[in-house]
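Q: Hi! Could you walk me through this structure with me? I have a few quick questions.

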Amino acid sequence: MSYRLLSVVRRQRTGRGWQNWSSGRSGASAAEAHSVTLPAQAQVVICGGGIMGTSVAYHLSKMGWKDVVLLEQGRLAAGSTRFCAGILSTARHLTIEQKMADYSNKLYHQLEQETGIQTGYIRTGSVFLAQTQDRLISLKRINSRLNVIGIPSEIISPKKVAELHPLLNVHDLVGAMHVPEDAVVSSADVALALASAASQNGVQIYDRTSILHVMVKKGQVTGVETDKGQIECQYFVNCAGQWAYELGLSNEEPVSIPLHACEHFYLLTRPLETPLRSNTPTIVDADGRIYIRNWQGGILSGGFEKNPKPIFTEGKNQLEIQNLQEDWDHFEPLLSSLLRRMPDLETLEILKLVNCPETFTPDMRCIMGESPSVQGYFVLAGMNSAGLSFGGGAGRYLAEWMVHGYPSENIWELDLKRFGALQSSRTFLRHRVMEVMPLLYDLKVPRWDFQTGRQLRTSPLYDRLDAQGARWMEKHGFERPKYFVPPDKDLLALEQSKTFYKPDWFDIVESEVKCCKEAVCVIDMSSFTKFEITSAGDQALEVLQYLFSNDLDVPVGHIVHTGMLNQAGGYENDCSIARLGKRSFFMISPTDQQVHCWAWLKKHMPEDSNLLLEDVTWKYTALNLIGPRAVDVLSELSYAPMTPDHFPSLFCKEMSVGYANGIRVMSMTHTGEPGFMLYIPIEYALHVYNEVMSVGQKYGIRNAGYYALRSLRIEKFFAFWGQDLNTLTTPLECGRESRVKLEKGMDFIGRDALLQQKQNGVYKRLTMFILDDHDTDLDLWPWWGEPIYRNGQYAGKTTSSAYSYTLERHVCLGFVHNFSEDTGEEQVVTADFINRGEYEIDIAGHRFQAKAKLYPVTSLFTHKRRKDDVELSDLHGK
Amino acid sequence: MEWPVPGRTSTRFWVPAASGGVPDSPAGRMCVCPGPRRIGIPIRSSSLPLFSDAMPAPTQLFFPLIRNCELSRIYGTACYCHHRHLCCSSPYLAQSRLRYAPHPAYATFCRPKESWWQYTQGRRYASTPQKFYLTPPQVNSILKANEYSFKVPEFDGKNVSSVLGFDSNQLPANAPIEDRRSAATCLQTRGMLLGVFDGHAGCACSQAVSERLFYYIAVSLLPHETLLEIENAVESGRALLPILQWHKHPNDYFSKEASKLYFNSLRTYWQELIDLNTGESTDIDVKEALINAFKRLDNDISLEAQVGDPNSFLNYLVLRVAFSGATACVAHVDGVDLHVANTGDSRAMLGVQEEDGSWSAVTLSNDHNAQNERELERLKLEHPKNEAKSVVKQDRLLGLLMPFRAFGDVKFKWSIDLQKRVIESGPDQLNDNEYTKFIPPNYYTPPYLTAEPEVTYHRLRPQDKFLVLATDGLWETMHRQDVVRIVGEYLTGMHHQQPIAVGGYKVTLGQMHGLLTERRAKMSSVFEDQNAATHLIRHAVGNNEFGTVDHERLSKMLSLPEELARMYRDDITIIVVQFNSHVVGAYQNQE
């Protein structure tokens, strides 16, 4: 009923201004639409006429790519875009998301002026309510981050909330965050306006045209096959929303786009007797799982329930589309929540309950970027109910990516390549999105893990470790131990606590760290991505020398830490490469690099070479033996001397461990602690593990997890790719000049940029901060993304943090910029600049003093236990 | 003082009042001593005055009594183990123990502590009697202790089985429970087998039947070549083809000791089937196979008891199996073909959803008891005319047994000579047992009892949504129409029945909210259970006169001491099989 009503209203309001579409107006008759002939070729074909597709078309045409065709299977701005609740909110958890939303906001604001199409844009602001202290902390963290990127927001009291919205019940609130520049807008009209502007710039738009599949030749997009004929093209952009997954799989060479739809409900009411002012702010009551906005004098309210209803698991299904009905029983908890928040609405009359499926992704972040397997195949989909907020910014970044080859911001967190085929199972997606949708409004505390879709990839030692009390986290589908709960600990109590403060595993990890420092620990690190590169001739070395910044022409058996840089000198990957032989190399990269790194190598390797690149991740189990006694354990197991004289640091040797032969032993631990990484062919994994544990018994060996590793590596200032390093950071910006050999005798990717940077100086610098006046027990813990203040001025954000048990302080890593006080322009950062500053870290609005360090604390390397520290309990076996 | 009517239920056996029996009281009035549960005449009263909300002062005295018994249970932990032990080793002793009024026994238990007891009793009495109630989580943990669900795995989202899955559960009244259940998928043929077994005079027979019957059925269904293959594998010591995939609750155990014996009997059976085969491979008739399997198993039970076993434990076991009894109600589902084989008074009920969404019940089995005219007729025909009056007395077979067909129960099958011979040569426990020695009155022309099932065939239609198999413990307390309605509403969920649509009506948020809260309250009891069988038990035990679950009543019923429980209800065992209407519909369309 209101479906028609909505469309009529929109049609009337948007009836002018877009006559110049190729297909004529969307009101054109079906027969007319059929007679239209598509162009034979175009540079870019975009699939999807929702807000994403039109935004990409708009930005491409703005950047000068005019040979663009946009195809829409139904009508423009139908689908999720039509039914979107129209709330634009910039309060996001990730900085990149905040920036996309901020850009969208600015874009939509001026869109009406630019195109003459009414978009219904009203700057209402939004208010995020906190019913609990934890929620307020979460809001304060967001607030700190919004402020430093120039989006005004403030934490306000419940009383102030009541002033902002007359209908709200504020008695159960502890506070709120007010973002005054947030807006509401009609998303369908925005999409139409973007389409109209794009079409004025030369983009051709055809509706009622379905894409059957994308044609691919030699891993490169060559065109699309539609129900109205073929179009040749170089680039294809999949903005098909909830159908993106299916469309991706319809190719001969499938493109895996992991997303899944869930039904989403919101309520529309008839106007209130005394309508709210049009600029009444949007309310987000995350603890009540609802959002509420002003809508045509009445209320629009929806939410993200705890028990979502996934839909279209088996693909587009006409039956399911027809059955998308109002499910009042399902909506009941949200309705209760609404009436609790606004009791006066009791007498308000219902207009309709709208059911509009929304698309969700396995990690709650949208998907954009180029396919790892098909060049020229771009994707922008999976908006997790924030399509309107992200539409403008995401479209812009994707257009930049296509036009320049890379976006202007680091978008790794949203990159399609963070996923692989392993996230593509329908069952996995169905289960995962049922967890993701409620998570949108759940409290996000540090170190939460997904509960669904787990135990997909495991090491052969999984059961052994699990039986010994391992608690697990997941990365790229791989289970990794966080820490090991000792048998005497209360397991139930441990799993339940969610906190922004000191976590309950603190003591457990402390004992693991201590064991790493004093004895020896084993960490199963099998999840790391492992590639082997070999060639008949010298091509392997040549190619690697070109791809990596460090000098890889080292004697056989040496390990080199090196970055895989892009043209701008930024890290595409940070890895360790062992030279196994003259012509073969073993490459270890972060877990989530499996798809990205593979694609990068494939893209840059000469096509016809006899170079062999193999993903051997699954072939090896990796055990990290950390600690001073690792030497003893290994020499006892191998009858080979393992002392630094015989086995220097950063050295790799194939040797026997126990009965097993062919174990790759490397003298590095990824933490700066002494010890070894063992790369074990999986069939030997259990044997080697058992041997190590039984021999290690007398050296006090125990299992440890990634939390201990994290604490160790951060206190030693070891930056990790994906957390601290990204495509926009160069080795020079994080003190890794030594890993760049500008004069290694040949060119490598990024060399020019680095030379330039070396000459000009860097504009940001990775710095280690040691929190001074921070009480570990009582104060909020740092996580990541906390603003850094230098002499009271915003200077950057932290990238990761951990508690250092050795320093007994919190350590944060983060980038320091030098923003000009007058212009805000970035200036050169020198060591002197870093050292001369007084620093503070802002954790949820509270600033803590911090000492800045450019190099790790040296005392850590020579830590020796004092004699009088020894206790009787140290004699106990672990 | 009035003892409230422990209505509704009655034991299968009415063992004549031997020593210590309490004289029959007029229906509706009993002495305080709960007395033997043999209280023969089934009293089908619809309400239990005991649990009326407004409790008259005198009956409040009942609470101390329950506590008393409860206490005795605590005291009797040792006794309980002992009791269990007895039950496993001799159900008859347990049985006979129940023939005596338990109360004096408790009194003896309690006597040494009497002064303390009175003291605390007084104190507790002054406090709220509600203290005794179970909390909802406690109730749930009792109800859910034995629940089991099985979903037929879906492959690629295409489930080709006409069975979606099943839920099963049981609630004991006897201690230990005498009901058994089984479910398995046939691996060498298609189809799924599900069955409930109601034991009497102990659990030995129902246990044996629950372990063995499906193998007999599966073997009966196997084609000649498969039988040969299996036999050859046994002969040459190769790995056997698996025949059944069991779907068992952890509490559903199989006896390890007897499995060799059972296997040998089964092997003999298939060897005979192989020999009987004349070479012309004909389609196996499921109905015939079911009948053969039932009869053969009963025959084997009887034979094993006659032959005995050198192992004294096994020897005693086979005798206990043979002397106790069990009814069986088994469903075989293969595509749209549903066969129900029933022996005794358990029941199979089909839940059919009519076009208007309402539910109706189709009975797929006939009870074999005195309420069934045809059974009465059959019994009279099978025995000489002069026995016409004695063969069924007081609605019981020979005045003793309620079901007219059953496994085991050789007392109703063997000649007197045979019974005496076996008992005399049997172990002492058997010899000392009064019940086994007792020969039914008017026992002239055995056998009086058969295990031959009545097989009904039903071709599944898309509107056939589920099948309920349950022992008489359920059917005594609930009408079949209610059973089907409750399961139907549970399985489809309320909103499928009547989704709310605002349509063109004027509805305010407040009105809608009220409506939804009401609907949710109705559904909350549905949501509490993840298992249709549990849900049904909740209703069977906790339903008040309005047909809704009354927690207080449920709590009281479940907190009855085990000695009393049997008077208020029988063991309840339920399997709810859900059918896949799409698959059933597809079958239909194929033809």
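This is a predicted model: local features need pLDDT of at least 70, side-chain atom pairs count only at pLDDT 80 or more; totals for chains, interfaces and linings use all residues.

Q: Good to know. How many residues are in contact between chain B and chain A?

A: There are 18 residues of chain B in contact with 18 residues of chain A.

Q: And what area is buried between chain B and chain A?

A: About 1,600 Å², and carbon and sulfur atoms give 60% of that.

Q: Which residues in chain B lose the most area to chain A?

A: Those are Leu509(B), His513(B) and Leu516(B), which together make up 39% of what the chain B side buries.

Q: Which helix gives the most to the side of chain B that touches chain A?

A: That would be helix H20 of chain B, residues 509-528, with eight residues.

Q: What does that side look like by class?

A: The side of chain B that touches chain A has eight nonpolar residues, seven polar ones and three charged ones.

Q: How many salt bridges are counted between chain B and chain A?

A: The count is zero. For polar contacts, six residue pairs are found across the interface of chain B and chain A, with both residues at pLDDT 80 or more.

Q: Switching topic: how do strands E32 and E33 of chain A run, parallel or antiparallel?

A: They run antiparallel, with five bridges joining E32(A), residues 652-657, to E33(A), residues 660-666.

Q: What is the bridge partner of Val657(A) in E33(A)?

A: Ala660(A) is its partner there.

Q: And which residue in that hairpin takes a positive phi?

A: Gly658(A) does, near 65°, and the hairpin of E32(A) and E33(A) has two residues between the strands.

Methods. Residues are numbered from 1 along each chain as its sequence is written. Chains are lettered from A and ligands numbered from 1 in the order in which they are written. Side-chain values use heavy atoms; hydrogens and water are left out. Two strands pair if DSSP finds at least two bridges between them. Helices (H or I, at least four residues) and strands (E, at least two) are DSSP runs, numbered from the N terminus. Contact means heavy atoms within 4.5 Å. Buried area is the accessible area (1.4 Å probe) that two parts lose on being put together, summed over both. A salt bridge is a side-chain nitrogen of Lys or Arg within 4 Å of a carboxyl oxygen of Asp or Glu. A polar contact is a pair of N or O atoms within 3.5 Å; within protein, one must be able to donate a hydrogen and the other to accept it, and residues adjacent in sequence count only if both atoms are side-chain atoms. Ala, Val, Leu, Ile, Met, Phe, Trp, Tyr, Cys and Pro count as nonpolar, Asp, Glu, Lys and Arg as charged, and the others, Gly among them, as polar.
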